Amino acid sequence: MFDAYLQAVVLTLALTAGMVSVTADEDLLTRAEVVVGDVTVIWEAKSGMTVQYKGVEAFGPYSAEFTVHNAKWTRAFYGSRKGDARATLTDGEGVKVLTIGRRGEDFSYTKRVTVTRENKVTVEYEFQQTSREDAHLQLGWRPAVPWLDGATYKVVAQGKAQQGRMTYGKADRRVLWSGLRSMSFGSVFGTWHLTTSHDMTLYDDRDKGTFFLGWDQELEKGKQYKEVVELRFEPSAEPVGGVTVSDFQWSREAEEGYARVQCKLGRTKEGPARVKARLEAFAGEKQVARREASLALQEQPVPLDLKLSLGGPGRFTLRLLVANAADDTEVLRVQGLPVQAKAIFRFIPSLSLYTHEKQAELIIALASEINPEGLSARLEGPGFPTRALSLTDQQTAVPFDLAKVPDGRHTISCTLGRGADVIARAEAKFSKAPPKPNEVKIDYLTRGLIVNGKPFFPFGFYTHHGAFYDQEDPQDILKLEGAFKFNLICVYHNFSTDFRREQRPVIQAFLDEADAVGMRMHYDVRQLTDQEPTEEVKAALAEDVTAQRDAPALLCWYLSDEPAGRRIPPDRYIAHNAQMKELDPYHPTTVVFCVPGKAHEYQDAMDIMMVDPYPIPNGPVTRVADTVDLVLNATGAAMPIWCVPQAFGGGEGWGREPTPQEQRCMTYLAIVHGATGIQYFIRRPPHNNPFVDAMWAECRKMAAEIKELTPVLLSHEQAPEVTAPEEDPGLHLMARRYDGGIYVFCVNTDKQPREIAVQCAVQPIEPEAQVLFEDRAVPVSPTGEIHDIIEALGVRIYAYRAAAPRPNRVTLPADNLLHNGGFEQQTNVGFPDYYHVSYGNHPGASWGTDPLEAIEGRHALFIRCPADKGGPTVIAYPMRLKPGKYALSLYVKADREGASVHFGVSGFKQSPSRDVAVGRQWQQLSLDFEVPENTRWVHFSLRPSKRGVIWADAVEVRTAQ
């Protein structure tokens with residue numbers, strides 16, 4: 001219905017303007033870029049409208065441009081940040097029209113943006129609300145701070161004309177003018193003139209990095225409103241302090257760590273003959289760099305070019321000061337120029353913790369766009385011999401012997417230089433300690449974890465139910481979810497120190513059961529670490545950590561939930577984190593953030609950074625990707641980023657839960673963009689959160705998929721490049737290389753299916769790519785190109801072979817009489833074909849394929865027994881064997897010494913079986929048997945006899961010699 005309405009509006013406008021519109025329904029836009037003359041208008045449904053003049057932002061995006069609320073502002077009924085508007089674009093000679101609309105049951109609007117070659121933008125608004133007696137509309141624009149800061153102005157406010165110059169920095173009042181109908185602001189970038197049919201108010205929020213220009217009006221139910229805003233640009237003509245400025249440009253993104261300002265300066269007859277120019281860079285309020293130059297001026301403008309090193313990644317602002325060289329009088333100031341600097345290198349230890357290792361490595365990894373030629377690095381730290389080296393490759397490993405490194409926490413700094421300039425700095429931090437059975441290490445090369453000496457991708461969820469441990473059986477959730485291959489649980493400990501102490505035996509029993517079912521605990525100490533680190537708090541924290549740090553199920557410590565949103569300073573968590581490292585160097589610490597733009601300020605307060613974007617239904621799924629990208633770039637990709645996908649809804653500010661498709665899309669989006677851990681918020685079984693069972697079933701399915709993909713996602717092999725031949729912003733791509741295989745991940749963020757074409761840089765040696773988890777294949781071209789169809793919000797993972805896999809330690813014969821004796825066939829992810837299970841008396845038991853343990857091929861069978869004599873029995877597909885003698889052989893290992901397994905065959909009288917003790921190393925077991933006459937089927941079966949995990953591989957049945 002709305003699509004037809006919008007098409008009619010656009011067609012009417014097109015005919016009126018003498019244009020021809022060929023817009024079809026499928027061409028409705030969620031993003032558009034309009035360029036006419038020197039003006040660019042960019043609109044995105046999720047973020048709003050940006051207006052640029054000669055490439056400089058005059059008005060920034062404002063996602064809440066339309067906000068419908070009640071008179072007292074205690075409730076908002078609608079916000080355009082929902083991203084539900086759609087647009088069409090029409091072209092005419094010297095004019096373009098962008099028509100944006102939203103038709104809702106309670107509030108509808110149309111916004112027509114006309115851009116002409118005279119550098120004029122006309123915005124016509126029509127809006128109406130139809131359901132509320134108490135409704136107001138706030139409509140807003142965001143003037144760019146650099147343009148207005150220190151600008152000359154001419155305004156007509158409440159019918160009175162005023163002119164002058166804006167202050168630099170925040171003014172002495174927040175409301176600069178109200179009743180505005182006409183305004184002009186001139187700066188070095190140009191002058192914009194704005195007239196409006198509705199009184200507007202300009203608010204000064206420069207202390208928050210913004211201005212606000214808009215109005216608030218009552219909306220009568222059913223009444224149609226129309227308003228018009230006209231915006232016109234022209235070049236800046238007025239000199240400032242006798243100095244003319246033209247062609248002003250600055251780097252919005254740093255290049256190789258440098259920020260740059262370029263312009264042309266001239267002088268009037270009364271202007272200074274020579275000026276001193278100073279470029280300064282700020283991170284927040286702190287000045288981090290400056291560069292000066294002296295310049296002789298003439299009436300004919302001469303170029304000024306200043307460049308400075310920012311010294312590291314982050315968000316910076318630049319300020320240019322120009323003073324008369326004769327008396328140091330300031331004649332020009334331009335400030336608040338935003339610059340985003342990405343990390344140009346990572347400086348990391350190979351591991352966060354060294355225990356049994358003899359040697360460690362410090363790794364200098366340059367960003368792909370950085371040329372190592374001419375770069376030098378200087379490494380130094382307490383107890384570490386200073387090293388200086390010239391870089392020749394994109395990645396340089398600096399090994400060092402651990403024998404002389406004492407136990408404890410160590411920090412090594414790396415200064416990266418080009419010539420005399422320091423262009424970046426970074427620190428690598430690691431611990432050394434004696435080996436410990438439950439140690440957890442961060443592998444900084446992959447940003448994954450190492451648990452029990454193997455790659456570990458955390459995939460689990462939060463849970464709480466009041467005090468939680470007061471439930472009749474708090475272990476129920478472990479028994480329920482452990483079998484679904486989740487490996488992580490985080491119980492909210494929203495209770496006092498006294499209750500924590502009282503419930504300690506119950507918590508320890510919970511941890512023991514978590515270990516039994518194969519789940520690791522993300523242990524919550526927030527109630528303590530959110531407090532100031534007083535001696536009393538530190539003592540309580542030490543008591544709790546000491547009590548739980550040896551638990552086999554312990555994975556990491558949860559220090560805080562959204563501290564930036566609660567404005568708790570980083571120093572508090574930096575102090576607590578230091579104490580945690582003294583108490584327990586074996587387990588990393590985490591903090592989760594809802595304000596991703598502030599997360600990097602807390603980087604020294606944890607080992608693992610978590611983010612919790614919850615976009616459904618108020619925003620697009622791509623908010624997950626944007627959030628992970630933001631924190632990964634801001635931290636220089638130097639630490640793991642975990643994502644907390646939304647698994648709730650229907651209350652507070654979230655109108656519904658995600659659909660299964662949205663959940664799959666968001667989860668894989670996070671992973672494709674660099675997350676190496678997933679922890680859903682929130683699971684309250686059986687049906688409280690999520691109450692959409694199909695969505696939680698999708699999470700369970702993905703838990704099995706991520707277990708299967710763990711060695712791929714955490715591979716040390718260099719990731720190949722993958723692209724879409726045609727630029728496609730709705731398609732998100734990643735590729736991984738592992739054991740001769742190439743894995744291409746594709747995520748479709750659009751709400752419609754599509755044909756896709758992706759190109760991987762690595763050539764295949766076979767003509768087909770397997771579509772993982774779908775039991776089908778598609779062709780892959782000799783150049784690595786794949787074509788397929790992907791559903792709305794869909795995920796596709798393609799695997800093809802680019803080289804031979806590593807040799808098998810054991811080879812199964814082709815004439816093996818047992819189906820799938822190597823457990824490589826698994827049509828249903830995580831479960832081997834031709835096998836079934838008979839569960840024991842413990843509901844938390846689990847079984848399936850394990851890609852991290854194999855002696856033949858890439859998979860072994862695992863069986864987890866949560867309690868002695870409580871394990872499941874895995875039974876093979878029946879063999880039809882002729883009467884005669886046969887030999888059964890298999891390889892078995894366990895996760896601990898002293899384990900035992902029971903295996904044998906059945907299907908006839910006096911079928912043989914054995915009980916055998918096994919340990920941590922693969923050992924071959926065998927069993928001879930004879931099949932009598934009139935035997936219909938013969939079954940092979942295997943079960944553990946004691947608590948723990950056993951693995952089996954290379955099961956073979958052959959005719960006996």
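Reader: Which way do Leu488 and Cys490 point from strand 37 (residues 488-491), and are the residues of that strand buried or exposed?

Author: Buried means under 20% relative accessible area, exposed over 50%, and partly exposed in between (1.4 Å probe, protein chains only). Strands (E, at least two residues) and helices (H or I, at least four) are DSSP runs numbered from the N terminus. Here Leu488 and Cys490 point one way, Ile489 and Val491 point the other way, and all are buried. This is a predicted model, where local features need pLDDT of at least 70, side-chain atom pairs count only at pLDDT 80 or more, and totals for chains, interfaces and linings use all residues. Residues are numbered from 1 along each chain as its sequence is written, and side-chain values use heavy atoms, with hydrogens and water left out.

Reader: Which strands pair with strand 37?

Author: Two strands pair if DSSP finds at least two bridges between them. Strand 36 (residues 459-463) runs parallel to strand 37 over four bridges, with Thr463 bridged to Val491. Strand 38 (residues 520-524) is also a parallel partner, over two bridges, and there Ile489 stands opposite Met521.

Reader: What do strand 36, helix 3 (residues 476-481) and strand 37 make?

Author: A crossover is right-handed if, with the strands pointing away from the viewer, the path from the first strand over the helix to the second runs clockwise. These three elements make a right-handed β-α-β unit.

Reader: How many disulfides does a search of the whole structure find?

Author: A disulfide is a pair of cysteine sulfur atoms within 2.5 Å. The search finds zero. For Cys665, the nearest cysteine sulfur, that of Cys643, is 12 Å away. Cys665 counts as buried because its relative accessibility is 0%.
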